[in-house]
Amino acid sequence: MRTYAIVGLIFFSILLASCGSREEAMVHPTTEVAVTEGDFTYRLVTAKPEYSRGETVPIYAELTYIGDEASITINHSASPFNFPIQELTTGYVIDYAMTDEGASTKLIKGKPLRGTFNIRGGSYSENDPKAYKDFIDNFRKNGYAKGHYAVNGFADFSVADQRVRIGAQIDFLVD
């Protein structure tokens, strides 16, 4: 009889545990990050932590020179700013297209240079899985699908033949 009571108690405990509500892991997106390295501060921002499908997701980056000179000239591709994005649930990456034309920009000490994300990325090869191709095609046509996105933004430039790459990550949800 005692064995039945113990088995019954174990069964009841398992039943009780399985019937309890499971609280999903809370995600608290980071919408703004600033990183300082050497003479530069890089800042990456989105307006809010959650967006609706079809809603515009504003993303921008700023690069500020904080060194000793009044100004400095940086050399870069078409823009010093890059905005590669990854959908964290699927792991799919939305590449950020950048032309490799030589350009230069004069930064005034303390005055941020701003670059904004424009949907230009998202490509695939014929060897990529169909699900990834569908994801990218949908992104190009409709914007962000439901998911959790991370922007791995960075500024890439050179100063006096010395390459500088400074970056940060923000994330946001799309419902």
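Colleague: How many residues are in the largest nonpolar core, and which have the most contacts inside it?

Modeller: This is a predicted model. Its largest nonpolar core has 34 residues. F40, I59, L63, F83, Y144, F157 and F172 have the most contacts inside that core.

Colleague: Which elements give two or more residues to this core?

Modeller: They are the strands β2 (40–46), β4 (59–65), β5 (71–76), β11 (147–159) and β12 (162–174), plus the helix α2 (130–142). β12 gives the most, with six residues.

Colleague: Why would nonpolar side chains be buried together?

Modeller: They tend to be, in soluble globular proteins.

Colleague: Take F83. What is it in contact with, leaving aside neighbours within four places in sequence?

Modeller: F83 is in contact with L44, I59, Y60, A61, Y96, G115, T116, F117 and V151.

Colleague: Are A160 and D161 buried or exposed?

Modeller: A160 counts as exposed because its relative accessibility is 70%. D161 is at 83%, so it counts as exposed too.

Colleague: What about confidence: what is the mean pLDDT of the protein?

Modeller: The mean is 85, and 83% of the residues reach 70 or more.

Colleague: Where does pLDDT stay under 50?

Modeller: Over residues 1–24, and the model has zero contacts beyond four places in sequence for them. Where pLDDT is low, the predicted coordinates should not be read in detail.

Methods. Residues numbered from 1 in each chain as written. Predicted model: local features only at pLDDT ≥ 70, side-chain atom pairs only at ≥ 80, totals over all residues. Heavy atoms only, no water. Core = buried A, V, L, I, M, F, W, Y, C linked by side-chain atoms within 4.5 Å. Buried < 20%, exposed > 50% of the residue type's maximum accessible area, 1.4 Å probe, protein only. Helix = DSSP H or I, 4+ residues; strand = E, 2+ residues; numbered from the N terminus. Contact = heavy atoms within 4.5 Å. pLDDT = per-residue confidence, 0-100.
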